[in-house]
Amino acid sequence: MNAPIPSRPSLTAKPSLILVVDDESMHRKLVRTILMREGYEVTTCSSGEEALAYLTTGDVDLVILDNMMPGMTGPEILVQIRSMPRTSHLPVLMVTAIKEVDEQVRVLDLGANDFVHKPYDAKVLMARVRSLVRLKKHIDESENFENVLTSLTTAVEAKDAYTSGHSERVARIAGLLAEQLSLDEDTYNLVKTGGLVHDIGKLVVDLSFINKPGKLTAEEWEVMKSHPEAGARICAPLRAALSLLPLIRHHHERLNGKGYPDGLVEDQIPKPVRIISVADVYDALTTNRSYRKAMPHEKAMSILDKEVADEAWDAEVVRAISEIDPAILAEDDMKEGKGLIEASKQ
Ligand SMILES: [Fe+2]
């Protein structure tokens, strides 16, 4: 394996690193030369085993993979790349001499993002490479976005020891609800991320009063109620967060119009928001708070059922939560902490 060779220096961005996997040294050199001429960094491997070992630590932006090789074949390597969490989303461009449509379809079905036929024009190769490097940049940006959200969520929970782990649990319960309701993958992903960020507004709201004994004063309650709008304000400029805004702003709305901040009713509250609301309330009821102990599942469900009767929550969502095994909802290891305050006393 050759070490990455620095390409033309760039003052604006780090060049993308491309891994070329091919058993023929002539072809490796040819592809390397073409790519470096275009400003990419290149590293090469002559076998699948070598490539997979490199990918366990190497930060690669694209793999160009020969289809036919002795030992592990291109498709076999591809399957391994897709099975490793670290590389499951890594763009892969297959280079193949096979022109049968069925084989091309098989390679795409196995997870190749695109392919070129040997012999190929260097311009065609480069067009494919540019397209897949763009794809990798999009993937990185969305991962960065999720990392930022996760950091913000951690910061939110650090402000209130009693709700430590709340956002992750709401995300998990919301995901379980989306599965129980047989909702599509996009909705599943939306409510999972929405659960994680729904309380992000608490980051900028002064909650110093939150763990004091007794009830909140009217003024404190007004401050508390401002967190959904504050969260929506934080995320409004982020294009990637557009679909999350309704979940952040409206997770304390109720179908009967008695929620906040906008007093929305019925059809004004979309299903993903209703899911987050129910997951949020269920988790709040079944974990310790400064003002009361955690309730058992049955008691939490009886409260939710009563509030369905008052037309606060979506009956279908509450029914779905009652159909999930309470042990799965409980996720014992997270509940055991019962907030940072108790944990620190042990
Ligand atoms: Fe909230």
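The text below describes these features of a predicted model.

**Two helices in contact.** Helix H2, which covers residues 48–55, and helix H3, which covers residues 74–83, have axes that come within 10 Å of each other and cross at roughly 15°. Since angles under 35 degrees count as roughly parallel, H2 is therefore roughly parallel to H3. The crossing of H2 and H3 is right-handed. The residues that make the contact are set out by helix in the table.

| Helix | Residues in the contact |
|---|---|
| H2 (residues 48–55) | Gly48, Ala51, Leu52 and Leu55 |
| H3 (residues 74–83) | Glu76, Ile77, Gln80 and Ile81 |

Taken by class, the contact of H2 with H3 consists of five nonpolar, two polar and one charged residues.

**A pair of strands.** Strand E2, made up of residues 17–21, is mostly covered, with four of its five residues buried. E2 pairs with strand E3, residues 41–45, in the parallel sense, and the pairing runs over five bridges. Within this pairing, Val20 has Thr44 in E3 as its bridge partner.

**The surroundings of Thr153.** Apart from neighbours within four places in sequence, Thr153 is in contact with Ser167, Leu196, Val197 and Ile200. Of these, Ser167 lies 14 residues from Thr153 in sequence, and the C-alpha atoms of the two are 7.2 Å apart in space.

How values were computed:
Residues are numbered from 1 along each chain as its sequence is written. This is a predicted model: local features need pLDDT of at least 70, side-chain atom pairs count only at pLDDT 80 or more; totals for chains, interfaces and linings use all residues. Axes are lines fitted to C-alpha atoms, for helices over the stretch in contact, and angles run from 0 to 180 degrees between N-to-C directions. Angles under 35 degrees count as roughly parallel, over 145 as roughly antiparallel, 65 to 115 as roughly perpendicular and the rest as oblique. A crossing is left-handed if the near helix is turned anticlockwise from the far one by less than a right angle, and right-handed if clockwise. Two residues are in contact if their C-beta atoms, placed from the backbone, lie within 7 Å. Ala, Val, Leu, Ile, Met, Phe, Trp, Tyr, Cys and Pro count as nonpolar, Asp, Glu, Lys and Arg as charged, and the others, Gly among them, as polar. A residue is buried if 20 or more other C-beta atoms lie within 10 Å of its own, exposed if 12 or fewer, and partly exposed in between; C-beta atoms are placed from the backbone. Two strands pair if DSSP finds at least two bridges between them.
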